[in-house]
Amino acid sequence: MSDRPRASLRRILEDLGSTVLDVAAAEGDLLDAEVTGVHIYDPLDEPLLPAGSIVLAVGVDRAEQICALLDAAGPAAGVVVKQPVDVDGRVHAKVRETGVAVLGLTRAASWAQVAALLRALLAEGDLAEPGNDTPLDDLFALANAVCALLDAPITIEDRSSRVLAYSGRQDEADAGRIETVLGRQVPERYRRMLEERGFFRQLYQSGEPIYIELNDEAIARAAVAVRSGDEILGSIWAVVREPLSGQRRQALADAAKIVALQLLRQRAGADTRRRLRADLLSTVLAGGGDAAEAAGRLGVASERLCVLAAQLSDGPDADAARRESDRQRFCDALALHVGAIHPKAAAALVGSVAYAVLPLHAGGEEEARAVRVAESFLARVGPRHAANIGVGRMARNLAEVARSRADADRALRVLRAREASGVVAGYTGVHFESLLLQLSDLVQAEEQTPTGPYERLLEHDARHGSELVSTLRAYLDAFGDVNAASAKIHVHANTFRYRLKRLVQISGLDLADPEARLAVMLQMRIFGG
């Protein structure tokens with residue numbers, strides 16, 4: 001297994017978005033080139049660039065300079081030039097000749113910022129420690145810098161009006177701002193007021209700062225949206241007593257671009273760590289020769305493990321982006337929960353399922369204890385997240401983790417088939433239902449159909465509109481108690497006895513034979529009807 005996930009130009013462009021970096025010239029599969037590092041071009045130094053580097057071409061802006069740099073870049077993966085990039089036929093020809101892509105950097109970004117952004121994506125330290133989070137100190141420093149530029153207390157907020165960072169001098173603001181900073185969230189009554197008065201719509205539709213006059217008890221605000229292309233990342237809010245001057249408006253607009261880069265950097269770093277955790281945990285869950293190394297890098301235990309498979313119960317009208325965000329928050333909460341129980345536990349989102357590997361101390365009933373852990377987690381997050389969790393049997397070592405993961409998946413599938421929500425199931429508790437689902441899969445794969453007495457009953461009901469199958473099901477469910485069975489389907493007992501006699505005549509089913517009863521019951525469960 002490699003030391004870290006492969007980073008390519010394409011993956012970097014996907015992470016950062018076209019607002020920061022865009023393709024100026026690239027031929028064929030050049031964007032799939034592996035990226036190993038970031039280097040700043042200095043025309044006074046001899047370029048000694050390792051394979052796979054991204055070259056930041058400071059001061060290069062003409063086509064002939066780009067061509068000369070491509071010749072000198074050797075085995076580099078790409079060259080970054082400030083937009084607008086002077087790309088002509090010579091540059092395209094040189095790109096084809098050298099196999100080095102040319103990327104354009106937005107004018108709003110500084111070289112120092114993009115270098116830090118790219119290194120955050122590629123840094124081995126960030127990737128090697130999946131549990132480390134990117135500090136928000138830089139965002140607080142930005143808030144204080146904007147505060148100094150505007151001479152006004154600042155908050156930086158996300159799209160949901162959660163406070164990401166704030167500046168000093170908040171004591172100069174009004175009670176609403178102080179409440180916002182203390183709660184790290186704009187109070188609901190203020191959010192509702194801003195929405196009703198159309199300020200959020202105005203903010204997100206405008207590319208410039210806006211001035212907002214509130215009620216007599218609150219000081220006015222100047223705000224600007226923080227964007228990445230068409231995506232709204234958040235906003236910056238300043239407490240001001242009068243509309244901003246042209247110079248201060250420009251300072252706030254420029255600050256939004258810098259904050260956007262910082263938020264993108266943090267998001268890219270978080271996404272990279274999450275991808276790595278998912279890759280490593282997937283390797284552990286698969287077992288095999290690389291599982292031990294992956295477990296070591298994740299810091300998880302290698303013995304006496306139970307796998308938990310947790311999945312949100314998505315509503316039919318849930319927005320795709322909202323669903324993905326909810327899944328990630330749900331997985332983060334699961335990781336925090338199992339980590340608090342055992343320091344060598346781990347969790348990651350793989351597809352739509354959040355998997356957790358939970359080490360368990362010896363003492364028996366490991367699966368039952370894991371079920372209780374899962375139930376306590378759902379009890380904590382239940383009001384916010386409707387979900388089900390399947391729990392696998394205990395794995396004595398990493399070689400058995402794949403089996404525990406399969407158990408957890410099967411238990412989760414049983415809960416989905418039941419259309420349950422907010423339920424935890426251990427595999428041993430739903431073993432038979434799981435076997436029936438697996439048998440149903442086999443039947444569908446081989447395109448098998450009902451046979452024997454059950455087939456004859458289905459055909460009779462279909463031709464004559466009778467209800468012999470439902471009669472038989474009620475009889476078997478009631479263990480042959482005619483009174484209970486007839487009451488269940490709301491017919492008179494004598495009518496039920498007549499139907500029972502008819503279905504025996506038509507199907508040839510021997511209700512006194514336990515093997516015959518089992519066979520027809522299994523067909524009912526597998527084929528329905």
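These notebook entries record what I looked up in the predicted model shown above.

**Entry 1: ground rules and confidence**

I number residues from 1 along each chain as its sequence is written, and for side-chain values I use heavy atoms, leaving out hydrogens and water. Since the model is predicted, local features need a pLDDT of at least 70 and side-chain atom pairs count only at pLDDT 80 or more, whereas totals for chains, interfaces and linings use all residues.

I looked up the pLDDT, which is the predictor's confidence in each residue, from 0 to 100. The protein averages 84, and 90% of the residues score at least 70. Over residues 1–5 the pLDDT falls below 50, and that stretch has 19 contacts in the model beyond near neighbours in sequence, a contact being heavy atoms within 4.5 Å. Residues 124–136 also have a pLDDT below 50, with 28 contacts beyond near neighbours in sequence.

**Entry 2**

I take helices (H or I, at least four residues) and strands (E, at least two) as DSSP runs, numbered from the N terminus. Two strands pair if DSSP finds at least two bridges between them. I call a residue buried under 20% relative accessible area, exposed over 50% and partly exposed in between, with a 1.4 Å probe and protein chains only.

How many residues of strand E13 are buried? In E13 (residues 353–359), seven of the seven residues are buried, so the strand is largely enclosed by the rest of the structure. I noted that Val353, Tyr355, Val357 and Pro359 point one way from E13, while Ala354, Ala356 and Leu358 point the other way.

Strand E12 (residues 346–350) pairs with E13 in the antiparallel sense over five bridges, and alanine 346 stands opposite valine 357 there. These two strands form a hairpin with two residues between them, and glycine 351 in the turn has a positive phi of about 70°. E11 and E13 run antiparallel too, joined by six bridges, and valine 307 has valine 357 as its bridge partner in E13.

I then followed strand E11 (residues 303–312) to E14, to which five bridges join it in an antiparallel arrangement. Leucine 312 stands opposite alanine 387 in E14. Five of the five residues of E14 (residues 387–391) are buried, so this strand is largely enclosed by the rest of the structure. Ala387, Ile389 and Val391 point one way from E14, and Asn388 and Gly390 the other way.

Does E14 run parallel or antiparallel to strand E16? E14 and E16 (residues 424–426) run parallel and are joined by three bridges, with glycine 426 in E16 as the bridge partner of valine 391.

**Entry 3: an open sheet and a helix on it**

I found an open sheet of five strands in the order E7-E6-E10-E9-E8, with antiparallel pairing. Its edge strands are E7 (163–166) and E8 (210–212), each of which pairs on one side only. Neighbouring strands of this sheet are turned by 25° against each other on average, direction ignored. For such angles, axes are lines fitted to C-alpha atoms, for helices over the stretch in contact, and angles run from 0 to 180 degrees between N-to-C directions.

Within the sheet, eight bridges join strand E9 (residues 221–228) to the antiparallel strand E10 (residues 231–239), and arginine 227 has isoleucine 232 as its bridge partner in E10. Helix H7 (residues 175–183) packs on the sheet, touching E6 (154–158), E7, E9 and E10, and its direction makes about 55° with that of E6.

**Entry 4: aromatic rings**

I looked for rings of Phe, Tyr and Trp (its six-membered ring), which pair if their centres lie within 6.5 Å; planes under 30 degrees apart count as stacked, over 60 as edge-to-face and the rest as tilted. The structure holds four aromatic pairs.

The rings of phenylalanine 140 and tyrosine 166 have their centres 5.3 Å apart and their planes at 80°, so the pair is edge-to-face. Phenylalanine 140 lies in helix H6 (residues 137–150) and tyrosine 166 in strand E7, so the pair ties together parts that are 26 residues apart in sequence. Phenylalanine 140 is partly exposed, at 23% relative accessible area, and tyrosine 166 is partly exposed at 28%.

Phenylalanine 200 and tryptophan 237 form an edge-to-face pair, at 6.3 Å centre to centre and 75° between the planes. Both residues, phenylalanine 200 and tryptophan 237, are buried.
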